[in-house]
Amino acid sequence: MRRLATLALALYPRRIRDRYGDEIAGLLRDSPRPWRDLADVAWCALGDRITHRAETFTMARARTTALRTAWLLASPAALTAVLAAFMAAAGPLLLLAERFTRVDEHAAHTAYAVMVLPAAALAALLGARTGRRGVARPWLAVPAAMAVGLVAIASVPDAGQILGEHTGASAAAIALWAAGTAVLARLGLALRGRWRWPVQVLGALAVLELATMAYVLISLDAVRAPRQYAPLWYPTAMTAQDSGVVDGAYLQLADVIKILPAMLTVCTVFVLAVSAAAAKTPRTAPQPA
Amino acid sequence: MAGLSDLGRFSEPAMHVLISLADGPKHGYAMQDDIGALTGTRPGPGTLYGAVRRLEEHGYIQALPEQDRRKPYRLTDAGRAALTAELRRIEHLAGTGLRRLAVA
């Protein structure tokens, strides 16, 4: 009965439960007709939850929610532009470097690949800023919204190939990434102390590996992409250190998958930054709980 | 003053709570017993505190410091005025009805 009473009280909106929960629990404990009173509490709690949600969902909140959702949906496009801008900036830097040292094709491609680092740093800053402004259930909302945004980009004819030549494979990789990142962000909220970040970094690498594998497995057959190289696909695509894992040719993998692994990496940093910042930020607005 | 009518389905339990508190502060358990004796039906904790919350939000009742781990409530001046107006309205309504039935 005590457990059922706890469950019935949990149906109340948090604000009401915090204020009257102990008193209601006391009456339930001493009730001469516990089952009738339990049903009464559950019924009233459900009613309060519905009316409280309607009362607190003001136009101002609706506008804020709409703007934040729009930003989350647009964030993959913004981050793609950021990554493309940093890659474009690598060109002049390579020209400058060529005046002092020899820059071969491998070094140039590595320089382009390294540009994911400043893009990821910027994504972390943007993510933390987004998280501090408050996002409800960020571990779920952010990967889901970003997945929609990424799939939308991948679906654009011609230009969408920036996230991979095979749209279906891109969509599958993005869906897998979103699910994995959501689990990872949720895990990050549950973990405390020194293990949190090592677990998140290793988990993120595992998710990115799996998403890259999903793309290659769907888009390329075993003749073009020998399966024994599967664990190398993500690091190869990220570093441009390609020993010929697809078609036995240098950078053939990058030619097929384009910047999808780099974008998913930047987006992962964004999701984890939003989630971490939102968890630290106290929620001051009235919550429907 | 909005009166009790805008408390929706809680307007009747709210009136019972106000009547219960009219002769002095009471905590939840005492209110349940008193309303049970008054109306023949002991209100459930959800119904009782649904009314208590709404009355407190309207400023008709006020929580007092805890005594023996129970929190008593008292009627405010606004609550007394609202209860008086509601009982007068019911008295007028009942009087009219009974006159029309010619049994008053």
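I started with α1(A) and found Ala5(A), Ala8(A) and Leu9(A) buried. Buried means 20 or more other C-beta atoms within 10 Å of a residue's own, exposed means 12 or fewer, and partly exposed is in between, with C-beta atoms placed from the backbone. Helices here are DSSP runs (H or I, at least four residues), numbered from the N terminus.

Looking down the axis of α1(A), I saw its buried residues fall within an arc of 100°, so they line one face of the helix. That arc is taken from the directions from the helix axis to the C-beta atoms. On the other side of α1(A) I noted Arg3(A) and Thr6(A), which are exposed.

Note on the source: this is a predicted model, where local features need pLDDT of at least 70 and side-chain atom pairs count only at pLDDT 80 or more, while totals for chains, interfaces and linings use all residues. Residues are numbered from 1 along each chain as its sequence is written, and chains are lettered from A in the order in which they are written.

Next I looked up Leu4(A), which sits in α1 (residues 2-10) of chain A. Leu4(A) counts as partly exposed because 14 other C-beta atoms lie within 10 Å. I also checked Leu38(A): it is 34 residues from Leu4(A) in sequence, but their C-alpha atoms are 7.9 Å apart in space.

Last, I turned to the two chains. I got 11 residues of chain B in contact (C-beta atoms, placed from the backbone, within 7 Å) with 15 residues of chain A. On chain B's side, α2 (28-39) and α3 (45-57) are the elements giving two or more residues. α3(B) gives the most, with six residues.

Note on methods. Contact = placed C-beta atoms within 7 Å.
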